[in-house]
Amino acid sequence: MIQIEQIHHVAYRCNDARETVEFYKEVLNMDFLVAIAEDRVPSTKEPDPYMHLFLDAGNGNILAFFELPTKPEMDRDRNTPSWVQHIAFRVKDEAALLAAKAEIEAKGIDVIGPTEHGIIRSIYFFDPNGHRLELTYTKGTAEQMAELKRVAPLMLEEWSQTKKAPKHAAWLHEEEFNGLD
């Protein structure tokens, strides 16, 4: 049986390797770990020069990018809304989230949020490649997380049959639960 230990890295495409490294170092304080450049793709052997970058996203998590100068200009899936595909990073707590928001905005980057999600609170912004990024902290209790795990199969089954949002976890965004005004 396969036993996954953790994600080694997640890779995305970037427009410019240097600009991408500088953004993640300057905005999210990530350490630039490794650069690999080849003229051929190791797995397929096709000729396709690339620069592959690896950045330390903390706790053994690695975020990677590929710059592909011979390929058509990078774009996103136009059939998927820009809010769907994103990379989320966890911060310690609300104070860290609010400090990050202020720091990112001070660098001239537009930030959405904080957005309340019941068990987490998040902010959102875009990197220079158009990838949506999220910073979030977990505020849910063990009981809340257990309840979400319990209802997950029920929600999936209902969704599969109706394609309408099941209400098992509607409490996540209810104002009364969240204490919002």
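Which residue takes a positive phi in the hairpin of S3 and S4? In this predicted model, the residue is glycine 58, whose phi is near 90 degrees. The sections below describe the strands around this turn and then one aspartate in another loop.

Strand S2 covers residues 31-40 and strand S3 covers residues 47-56; the two pair in the antiparallel sense over eight bridges. Within this pairing, phenylalanine 32 stands opposite leucine 55 of S3. S2 and S3 form a hairpin, with six residues between them. In its turn, lysine 45 has a positive phi of about 70 degrees.

S3 also pairs with strand S4, residues 62-67, again in the antiparallel sense and over six bridges. Here aspartate 56 stands opposite isoleucine 62 in S4. Five residues lie between the strands of this hairpin.

## The setting of aspartate 127

Aspartate 127 is located in the loop between strand S7 (120-126) and strand S8 (132-138). Is this side chain's residue buried or exposed? Aspartate 127 is buried, yet it has no salt bridge. The nearest side chain of opposite charge belongs to arginine 132, at 11 Å. A salt bridge requires the charged atoms to be within 4 Å.

## Partners of aspartate 127

The side chain of aspartate 127 does have polar atoms close to other groups: a polar contact of 2.7 Å joins it to the side chain of tyrosine 24.

When neighbours within four places in sequence are left aside, aspartate 127 is in contact with Phe23, Tyr24, Phe65 and Leu133.

Conventions
Residues are numbered from 1 along each chain as its sequence is written. This is a predicted model: local features need pLDDT of at least 70, side-chain atom pairs count only at pLDDT 80 or more; totals for chains, interfaces and linings use all residues. Side-chain values use heavy atoms; hydrogens and water are left out. Two strands pair if DSSP finds at least two bridges between them. Helices (H or I, at least four residues) and strands (E, at least two) are DSSP runs, numbered from the N terminus. Buried means under 20% relative accessible area, exposed over 50%, partly exposed in between (1.4 Å probe, protein chains only). Lys and Arg count as positive and Asp and Glu as negative; His and the chain ends are not counted. A polar contact is a pair of N or O atoms within 3.5 Å; within protein, one must be able to donate a hydrogen and the other to accept it, and residues adjacent in sequence count only if both atoms are side-chain atoms. Contact means heavy atoms within 4.5 Å.
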